Amino acid sequence: MTQNLKKLQTVLDDAIHLAHQSEERGKVAQYIPELAKADPQKAGIAITLDNGETIGAGDWQQPNTIQSISKVFTLALCLGTLGDNLWARVGREPSGSAFDSILQLEHENGIPRNPFVNAGAIVVTDAILATYQPKEALGEIVRFVQGLAGDDQIFIDGKVARSEEETGHRNRALAHYLASCGNLHNPVEHTLGVYYNQCALTMDCAQLSRAGRFLAFAGTLGPNRQQMVSMKRARRIAAIMLTCGHYDGSGDFAYRVGLPAKSGVSGMILAAVPGIASIAVWSPGLDRNGNSYIGTKMLEYVTNQMDWTVFS
Ligand code: DON
């Protein structure tokens, strides 16, 4: 191990140590029964560097569903096929409200504020279905993520997807409201079926940090510079992550961590340090905005220690 890598490994180990010391851990998501079983004591972190090397600490090799982080991958896929036409159906502004808010959708005539609130992500998935049947669309999403991560072992946890489907009244309400405004083009159950399954994509922190490399390295996979997403598109997706990736907590996250990032209710967060690294953290307890409480603390610690922010 080189000197720099040793230092980074120490920082990651210390972040996990800090995570274990914290008495406050947030609350595990309750509305998806399979997620409610998670242990809030768990904490993991992994970093993939520009040479392709991945290092980690804590529970970094325990697989979890990525939930809303999948919205980053479907957005990239959708923009790749539909291009800027998507922006007629979804905005690019922070929402200032909960990720599953219904109120805002009515006020704004069925045009979701951004692609990361649930309504916006449902529209993105619906737009992907313009060119694929539901099963094909799902296959396309999985292959895209596997290609980004360079790992064909990444799979969908059907049990978690079904668990969400059984209790997904909010998302069904959002999808029906979108349909009533003419902003859902496929049957509600088709679009939501794909959406629940994409949220149940399962990765450990190492796999997720690898899948997110394109955000840190201008759309490429790092060392071999294979262009997976255009440079401009990767930069723009990162911009939306910075402003909207943590819902109504995006401002506080930018203040404390200072990186484009996306959270999921499983307690995972994917963050990009432009030109340097891709980071994935996991700890299931959430803050009031549905973002990992300990995960944010770990990112705050690492970015402060390494001086890794987009504002430095
Ligand atoms: O649709 C839902 O409610 C979940 N499958 C995903 C929400 C989510 O991850 C919000 N992020 N923190």
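## Between the two domains

Zero salt bridges are counted between domain 1 and domain 2, where a salt bridge would be a side-chain nitrogen of Lys or Arg within 4 Å of a carboxyl oxygen of Asp or Glu. The model is predicted, with local features needing pLDDT of at least 70 and side-chain atom pairs counting only at pLDDT 80 or more, while totals for chains, interfaces and linings use all residues. Residues are numbered from 1 along each chain as its sequence is written, and side-chain values use heavy atoms, leaving out hydrogens and water.

Domain 1 covers 1-67 + 201-306 and domain 2 covers 70-200, with bounds from an automatic or database domain assignment. Their C-alpha centres lie 21 Å apart.

## What the contact is made of

Here 36 residues of domain 1 meet 43 residues of domain 2, contact being heavy atoms within 4.5 Å. The two domains bury about 3,200 Å² between them, 69% of it on carbon and sulfur atoms; this is the accessible area (1.4 Å probe) lost on putting the two parts together, summed over both. Q67, L201 and Y247 supply 22% of the area that domain 1 buries against domain 2, more than any other three residues.

## An aromatic pair

The model holds four aromatic pairs, meaning rings of Phe, Tyr and Trp (its six-membered ring) with centres within 6.5 Å; planes under 30 degrees apart count as stacked, over 60 as edge-to-face and the rest as tilted. Take Y31 and F99: their ring centres are 6.2 Å apart and their planes at 40°, so this pair is tilted. Y31 sits in the loop between β1 (27-28) and α2, and F99 in the loop between α3 (70-82) and α4 (103-107), 68 residues apart. Helices (H or I, at least four residues) and strands (E, at least two) are DSSP runs, numbered from the N terminus.
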